[in-house]
Amino acid sequence: MSTPRIAFIGGGNMAASLIGGLRARGTPADAICASDPGEEQRRKIGTEHGIQAFARNADALAGADVVVLAVKPQVMQTVCRDLAQHLGEAPLIVSIAAGIGCDSLQHWLGPQPRAIVRCMPNTPSLLGQGASGLYANARVSAEQKAQAEQLLSAVGLALWLDDEQLIDAVTAVSGSGPAYFFLLIEAMTAAGEQLGLPREIAARLTLQTALGAARMACESDVEAAELRRRVTSPNGTTEAAIKTFQAGGFEALVQQALNAAAQRSAELAQTKEPS
Ligand SMILES: NC(=O)C1=CN([C@@H]2O[C@H](COP(=O)(O)OP(=O)(O)OC[C@H]3O[C@@H](n4cnc5c(N)ncnc54)[C@H](O)[C@@H]3O)[C@@H](O)[C@H]2O)C=CC1
Ligand SMILES: O=C(O)[C@@H]1CCC=N1
C-alpha cells in the first residue's frame with residue numbers, strides 16, 4: 001500500500017505521540033502535516049518531527065487521504081463545522097477524541113456522508129508501544145480500513161471492535177491506562193524512598209521492575225495471576241504486600257476507577273461547546 005498523506009488537526013500531546021511514532025517508523029515527513037492555533041505547539045511539532053505545521057486547519061487538508069481529528073472533545077464540534085467547509089475530496093476521517101461518537105462527527109461534518117474511524121490510542125505510541133481500539137462506520141471502505149490500521153499499527157497494537165460503545169471501555173483500559181501505571185510508579189518510588197532508599201535508586205528499581213514485569217507478562221505463555229503466584233512465597237514478603245493491597249480493596253478500587261473513566265467517556269459525548 002502506498003503511504004497515505006495524513007493531516008493532523010490539533011498538534012497536542014496525543015498527536016505528537018502518533019506523529020513521533022510514525023516518523024520513527026519511517027513515515028516520510030512530507031506525508032504528514034498538522035494544524036494547531038498554538039504557535040508553541042506548531043513550533044514544537046515542526047522542529048521535533050520535521051513536518052509542516054499550519055495555523056489554519058483548512059491549510060492542512062490539501063491532498064490529505066486521512067484527516068486525524070486530535071483536538072479536545074470540547075472543541076470538536078466547532079472544529080468539525082469549520083472543516084466541513086473545506087473537506088472537498090473524500091478523505092478518511094479518524095477521530096481520536098474521547099467520548100465523541102461517529103454520529104456526532106458525521107452530523108457536525110455536514111450532509112455529505114463521511115467515512116469515519118473512531119479510535120482510542122494512547123501516548124506510548126510515541127515509542128511504537130501504543131495500544132489502540134478502532135471502530136469503523138458503515139462508509140469506511142476496505143482500503144480505508146487498511147489505511148487506518150496501517151496508521152495505528154505503525155505505532156503499536158491496533159484492534160478493531162464491531163460495537164462503537166466498547167470504545168468507552170477501551171478508553172478506560174488503554175486510553176487512560178498509561179496514567180494508572182505512571183501513578184503506581186510514582187507511588188512505589190515514593191514508598192521506596194520512605195523506606196530509606198535514595199530517590200534515584202528507588203525510581204530506577206521501580207522502573208526496571210515495571211518494565212520487567214510487563215515484558216514477562218507479554219512474553220510468557222502463562223497468565224499474570226500465575227506469574228504473580230511465582231513471586232509470592234507462602235508467608236513471605238510478597239504475600240504480606242498483596243494481602244495489604246487486597247485488604248484495602250485494590251481490585252474493587254481498580255474496577256471503580258475504570259468505571260469512572262468509561263462513564264466520563266460516555267458523558268463527553270454530551271459535551272457542550274464552551275460559550
Ligand atoms: N493524551 C492522551 O493520552 C490521549 C488523548 N486522546 C484524545 O486526543 C485528543 C487530544 O488530546 P491531547 O493531545 O491530550 O490534548 P492537547 O491539549 O495536548 O492537544 C489538543 C491540541 O488541540 C489544539 N487546538 C485547540 N483548538 C483547536 C482548533 N480549533 N483547531 C486545531 N487545533 C486546536 C490545542 O492548541 C492543542 O495543541 C482529545 O480528544 C483526547 O480525548 C486520546 C487518547 C489518549
Ligand atoms: O483523559 C482523557 O480524557 C484522554 C482520553 C484518554 C486519555 N486521555
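Me: Which residues are the closest of those that surround ligand 1?

Reply: Happy to start there. In this predicted model, the closest are Gly10, Gly12, Met14, Ala97 and Ala98, out of 27 residues that surround ligand 1. Two elements, H1 and helix H4 (73–84), each give two or more residues to that shell.

Me: What makes a residue count as part of a shell, say Thr171 around ligand 2?

Reply: The test is that the C-beta atom, placed from the backbone, lies within 6 Å of the molecule. Thr171 is listed around ligand 2 together with Ala98, Gly175 and Ser176, so Thr171 meets that cut-off.

Me: Why are S1 and S2 called paired strands?

Reply: Pairing needs at least two bridges. Strand S1 (residues 6–9) and strand S2 (residues 32–35) are joined by four bridges, so they qualify. These two strands run parallel, and isoleucine 6 stands opposite isoleucine 32 in S2.

Me: What makes S3 and S8 the edge strands of the sheet?

Reply: The open sheet has eight strands, in the order S3-S2-S1-S4-S5-S6-S7-S8, with mixed pairing. Strand S3 (52–54) and strand S8 (156–160) each pair on one side only, and that makes them the edges. Neighbouring strands of this sheet are turned by 25° against each other on average, direction ignored.

Me: How do you know that helix H1 packs on this sheet, and how is H1 directed against S2?

Reply: Helix H1 (residues 13–24) touches S1, S2 and strand S7 (130–136). Touching here rests on C-beta atoms within 7 Å.

Me: How do you know that domain 1 and domain 2 touch, and how far apart are their C-alpha centres?

Reply: The domain assignment gives domain 1 (6–170) and domain 2 (177–266), and their C-alpha centres lie 32 Å apart. Still, seven residues of domain 1 are in contact with five residues of domain 2. On the domain 1 side, three of the touching residues are nonpolar, three are polar and one is charged.

Key:
Residues are numbered from 1 along each chain as its sequence is written. Chains are lettered from A and ligands numbered from 1 in the order in which they are written. This is a predicted model: local features need pLDDT of at least 70, side-chain atom pairs count only at pLDDT 80 or more; totals for chains, interfaces and linings use all residues. Axes are lines fitted to C-alpha atoms, for helices over the stretch in contact, and angles run from 0 to 180 degrees between N-to-C directions. Two residues are in contact if their C-beta atoms, placed from the backbone, lie within 7 Å. Domain bounds come from an automatic or database domain assignment. Ala, Val, Leu, Ile, Met, Phe, Trp, Tyr, Cys and Pro count as nonpolar, Asp, Glu, Lys and Arg as charged, and the others, Gly among them, as polar.
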